[in-house]
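Here is a short report on one protein chain.

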Amino acid sequence: MTEQWWGEDPRRWSAGRWSLDLRGDELAAISVDGVPVLRSVRAVVRDRDWNTVALVVERVQEHDASLTLHVRSRGHGSSFVGTVRVHAADSTLTVACDLQTTRPFETNRTGLVVLHPPTVAGTTLSVTHTDGSEQSTTFPRAISPHQPVLDIGALRWTHAGLAVEVVFSGDVFEMEDQRNWTDASFKTYSRPLALPFPVQLAAGARITQAVRVTARRATPAPAAEGPAPQTDAVALITAGRFPEIAVGAATGADPAPEPRADDAVGSLPVLVELDLGWAGWPAALERAARSGGRLDVRLLLPSASKAREATVDALDRAVAALAHHDVSRLGAFWLDGDAAQLADREATALLRAALAHRGHHVAAATVIGGVRTHFTQLNREHHRLDDTVDGLAFSLTPLFHSTGTAQLIESLGIQRLVASQAVVLAAGVPVHIGPVTLHPRVNDVATTPAPSPATSELTRGYGAALVAPDDARQRSAPMAAWTIASAAALAVPGVASLAFFEEWGPRGIRDERGIPYPVAAAVRALSELSGQRLLYGGSRDGLLWVVGAVDDRGAATLLAANLGDTDRTITVLGARERTLAVPAQRWVRSVE
């Protein structure tokens, strides 16, 4: 495992029947008698724009049955100091936080967060509300667009033979379905979102909360399993077409790299977003077009509150400029207002009017609707979209709530669920997913204005370059395997295109000089399958993924990725069985 990919290895802690992994400030993989109970518990601090404030663990104190993390916050103007303490006692584990701010601070959320594993989906859930009343419900099986449980004092459920009770104190809690953001969890958190935010904390204010987890065996423990099999079987079926593979337009600062003779990627289709309220959008369009690939254009309308004449004029100019380029798809999305980030009925109608007025040269482009951010918004707002569009779009960002590599890998199984549910919402029209980026390229929940380029030139970049952090994992060899696995998860019948990362730069498939990162070869291998008959299947453990395609001659190409830390051997089941050896954190290509 490379340090670049994993960072610091987790530390295992156990006391009596309980055990957990300490990953920085996160108490992960909480188990009793070796059986997982919770995905994690951690203390979080969010500022007024929902940015996550880092909690630095300064020292750890360990006793026979307790673990104490001494923490301080770092960044976003925060100044919290305090402790997160764990205490184990037979069938009960208690996690308590005590955080104090030394300076005034505006926060949307500060306190403990509990993550439940996605395996509890469909499980009966008993809720005790803060007034003592009881409710019976379930952890939702389909991804819930809104909070499935509100006003939580305690939760009880039975899963994997354990009767589990979690009691919350220090605030009113509620639950959201984090699978909307491809997190592998349901999250129980406090302060209810229906209450006003941000909250102004005075200097010296303290946040004290506790979570008490009790787990008792409800059924006899299962017999011990034998040794793990030496091979893994993955069944693939043929259905639909392999999606078009595209890349996001580079948003970094000029100069753009010159084309290289040894470029293994070539001219892929490019997804470019153009903020029509920024004078530099023509330069961004021209730079994206220089790649030579067809353009998937997302027009960002300046403001839903401005006079419609200004919006119509901006759209007219943009459509006229697009007449000089090869455009495959086109959508219009609001940047603010109650329809922010949506290509709703009104935005789509304005785009179609502009195409009718000035767009005879881009008539071949299909008009899409959807959202420019997470599946969350598509899940919540699809009723506001034009139901006559030629496709639905959304983007995907696995590192929205947490930035750890474990989160990155765990998102893969949820990506399959998200893609499948999006196809259902699309009701027969193609689904376009992208750009897929490690970190959010837009903060769609911020309460302050988004950063904007100071000039109309690209000398300092635009868009994601002003928002998304650099991530060393983008340049690592395991990122290539992750991209193959992500495509395998997302490529289900009904998904017509997948756009990954950017053309070049810190968030790209090449660096600023045009030299490919390892992920470039993976993107190229995927792109070579575009339009062929799709071979797809599931993943046994979320670590091993296989996807493929059959060409017109009947030849089958398979791409397999292993995100685990041990080498694996895969037996691919289907019309023609094949065995593949896949090294840890790598991918392989097999052509019949």
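Which residue is the bridge partner of serine 40 in E9? It is leucine 115. The model is predicted.

**Strand E4 and its partners**

Serine 40 pairs with leucine 115 across the E4 and E9 strands. Strand E4 covers residues 35-47. Of its 13 residues, 12 are buried, which leaves the strand mostly covered. E4 pairs with strands E3, E5 and E9. The table lists these pairings.

| Partner of E4 | Residues of partner | Sense | Bridges |
|---|---|---|---|
| E3 | 26-32 | antiparallel | 5 bridges |
| E9 | 105-116 | antiparallel | 8 bridges |
| E5 | 52-62 | antiparallel | 2 bridges |

Two of these pairings are hairpins. E3 and E4 are joined with 2 residues between the strands. Aspartate 33 in that hairpin takes a positive phi near 55 degrees. Valine 32 stands opposite valine 35 in E4. The hairpin of E4 and E5 has 4 residues between the strands. In its turn, tryptophan 50 has a positive phi of about 70 degrees. Valine 45 faces valine 53 in E5 as its opposite residue.

**The ten-strand sheet**

Elsewhere, 10 strands form an open sheet with mixed pairing. Their order is E25-E27-E28-E29-E30-E21-E22-E23-E24-E26.

Isoleucine 245 stands opposite leucine 498 in E30. Helix H7 (residues 477-490) packs on the sheet and touches E28, E29 and E30. The direction of H7 makes about 160 degrees with that of E30. Helix H6 (residues 405-426) lies across strand E28 (392-396), strand E29 (431-436) and E30. H6 runs at about 165 degrees to E28.

Helix H3 spans residues 308-322. At 1.5 Å a residue, its 15 residues should span 21 Å, and its end C-alpha atoms are 21 Å apart, so the two values agree. Which residues of H3 are buried? They are Thr311, Ala314, Leu315, Asp316, Ala318, Val319, Ala320 and Leu322. Their cover includes helix H2 (281-289), strand E23 (295-301), strand E24 (327-334) and helix H4 (345-358).

Helix H8 (residues 518-527) has 7 of its 10 residues buried, so the rest of the structure largely encloses this helix. The buried residues are Val519, Ala520, Ala522, Val523, Ala525, Leu526 and Ser527. Among the elements covering them are E21, H7 and E30. Strands E32 (544-550), E33 (556-562) and E36 (586-591) also contribute to that cover.

**Two buried residues**

Is arginine 372 buried or exposed? Its relative accessibility is 6%, under the 20% cut-off, so arginine 372 counts as buried. Arginine 372 sits in the loop between strand E27 (369-371) and helix H5 (375-381). Its side chain makes a polar contact of 2.9 Å with the side chain of glutamate 273. Beyond residues up to four places away in sequence, arginine 372 touches Glu273, Leu300, Phe333, Leu335, Gln341, Ser395, Arg441 and Val442.

Alanine 481 is in helix H7. This alanine is buried, with a relative accessible area of 0%. Leaving aside neighbours within four places in sequence, alanine 481 is in contact with Ala561, Asn562, Leu563, Gln585, Arg586 and Trp587. Alanine 464 is 17 residues from alanine 481 in sequence, and their C-alpha atoms are 24 Å apart.

**The chain as a whole**

The chain holds 8 helices and 36 strands. Of its 592 residues, 55% count as buried. A compact globule with 592 residues would have a radius of gyration near 25 Å, and the chain agrees at 25 Å. Its C-alpha atoms fill a box of roughly 70 × 60 × 45 Å along the principal axes. Of the contacts with a separation of 6 or more, 67% join residues 24 or more positions apart.

Technical notes. Residues are numbered from 1 along each chain as its sequence is written. This is a predicted model: local features need pLDDT of at least 70, side-chain atom pairs count only at pLDDT 80 or more; totals for chains, interfaces and linings use all residues. Side-chain values use heavy atoms; hydrogens and water are left out. Buried means under 20% relative accessible area, exposed over 50%, partly exposed in between (1.4 Å probe, protein chains only). Two strands pair if DSSP finds at least two bridges between them. Contact means heavy atoms within 4.5 Å. Axes are lines fitted to C-alpha atoms, for helices over the stretch in contact, and angles run from 0 to 180 degrees between N-to-C directions. A polar contact is a pair of N or O atoms within 3.5 Å; within protein, one must be able to donate a hydrogen and the other to accept it, and residues adjacent in sequence count only if both atoms are side-chain atoms. The expected span of a helix is 1.5 Å times one less than its number of residues. The radius of gyration is taken over C-alpha atoms; the globule rule is 2.2 Å times the number of residues to the power 0.38.
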